[in-house]
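Welcome! Here is a short tour for anyone meeting this structure for the first time. Take a look at the sequence and the model, then read on.

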Amino acid sequence: MRAKLMDEITKLSIESRINKLKNLPALPEASVKILEAVNDPDVEIETLVKVISLSPALVARLLGLANSAFFGQLNQIDDLHTAIVRVLGLQLVKSLSLGILLNVQLDPKHCKGFDSQSFWMHSLITAITAQKLANQHRWQNVSPANAYTCGLLLHIGILVAAYLFPEELDGILCQDSNNYFHIEAEIEKRFGQSHYQMGYILLKKWRLPEFYQSMLNQFNTNGLTENQTELNRCLHASQRICYSILDQDAEESDLNLIAEQAQLPFEAVITVFRTMLDGKDNVQKLASEMGGC
């Protein structure tokens, strides 16, 4: 009887959390316009610069990224147009703008254990790795640009949890803030749904492209189409390579299983792993800029 009562209480608690997810904040008008431009495949650089300039904070963050050690610029970049043309490129600016906007709108400051730099370190390594794997393997249905953006958005549900449920997520992070396998399992256990589902709810509410909504909604599910399966394999491999890079005790031999599960040549996986490991410090500086540290 007591066990049944506890199950009912847990069910009601989970339902209340799901209802709270439905009340995520609406985007400000300027952010809506920026997202529309970012998700327009035919947007011109001049138009994008004009729209992004509606958010001085976003412009400042993008200039900080362009001048970061990751890109190795010798001369200071002082305007967004130059940053796009000479350093970042149109597609990367779109992806980074999307990530920064989400970070600004979902302020995690009330979750004491949330480390923005660590979060963006995971997200950026996953994104860059996914892009490199897509370049190496040439999947028919996974472009490097889409792979990068998907990798950047993969853990956005953790940011949602930090914003909506700061104390509960803090309890999870206090146990092991850098073990994303642990964080993923505990979020699903406590909230009744994965952080991927939380991210999907956010992207759907903010009307981001269906491609990215679908990626999060169907991550870790079976019965996918070939197009979806290719993307899933790319993201799973990128995620695990990321964990291996951030794990001080990881060994290259662990990459055999990653390559096998993703149906990738081991040589491709080891090449990407070594490249990412060599560039880890620069990615950390990029993550610091992304998190506004």
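Please keep in mind as you read that the model is a predicted one. You will find Arg207 in the loop that runs between helix H12 (195-205) and helix H13 (210-217). Its backbone is worth a look: the phi of Arg207 is positive, near 55°, and the residue is not a glycine.

Gln263 comes after H15, in the loop between H15 and helix H16 (266-278). Is Gln263 buried or exposed? Its relative accessibility is 55%, and exposed means over 50%, so Gln263 counts as exposed.

## One face of helix H15

Helix H15 covers residues 255-262, and its buried residues are Leu255, Ile258, Ala259 and Ala262. Why do these residues line one face of the helix? Looking down the axis of H15, you would see them fall within an arc of 95°, so they share one face.

## Helix H2 and what covers it

Helix H2 (residues 29-38) also has a set of buried residues: Ser31, Ile34, Leu35, Ala37 and Val38. Around the axis they cover an arc of only 160°, which means that they sit on the same side of H2.

What covers the buried residues of H2? The cover includes helix H3 (45-52), together with H4 and H6.

## How H4 and H6 cross

Two packed helices are described by the angle between their axes and by the distance between those axes. For helix H4 (residues 56-66) and helix H6 (residues 90-105), the axes come within 10 Å and the crossing angle is roughly 125°. An angle of that kind makes the two helices oblique to each other, because it lies between the 115 degrees that end the perpendicular range and the 145 degrees above which helices count as roughly antiparallel. The crossing of H4 and H6 is right-handed.

Which residues make the contact? From H4 come Leu58, Arg61, Leu62 and Leu65. On the H6 side, the contact is made by Val93, Leu96, Ser97, Ile100, Leu101, Asn103 and Val104.

## Aromatic rings

How many aromatic pairs does the model hold? The count is six, where rings pair if their centres lie within 6.5 Å. One of them is formed by Phe119 and Trp120: their ring centres are 5.0 Å apart and their planes are at 80°, so this pair is edge-to-face. Phe119 and Trp120 are both buried. They also belong to a cluster, in which ring pairs link Phe114, Phe119 and Trp120.

Another pair is that of Phe211 and Tyr212. Here the ring centres are 5.4 Å apart and the planes are at 85°, so the pair is again edge-to-face. Phe211 has a relative accessibility of 36% and therefore counts as partly exposed, whereas Tyr212, at 8%, counts as buried.

Key
Residues numbered from 1 in each chain as written. Predicted model: local features only at pLDDT ≥ 70, side-chain atom pairs only at ≥ 80, totals over all residues. Heavy atoms only, no water. Buried < 20%, exposed > 50% of the residue type's maximum accessible area, 1.4 Å probe, protein only. Helix = DSSP H or I, 4+ residues; strand = E, 2+ residues; numbered from the N terminus. Arc of directions from axis to C-beta. Phe/Tyr/Trp six-rings, centres within 6.5 Å; stacked < 30°, edge-to-face > 60°. Axes fitted to C-alpha atoms, helices over the stretch in contact; angles between N-to-C directions. Parallel < 35°, antiparallel > 145°, perpendicular 65-115°, else oblique. Left-handed = near helix turned anticlockwise from the far one by under 90°. Contact = heavy atoms within 4.5 Å.
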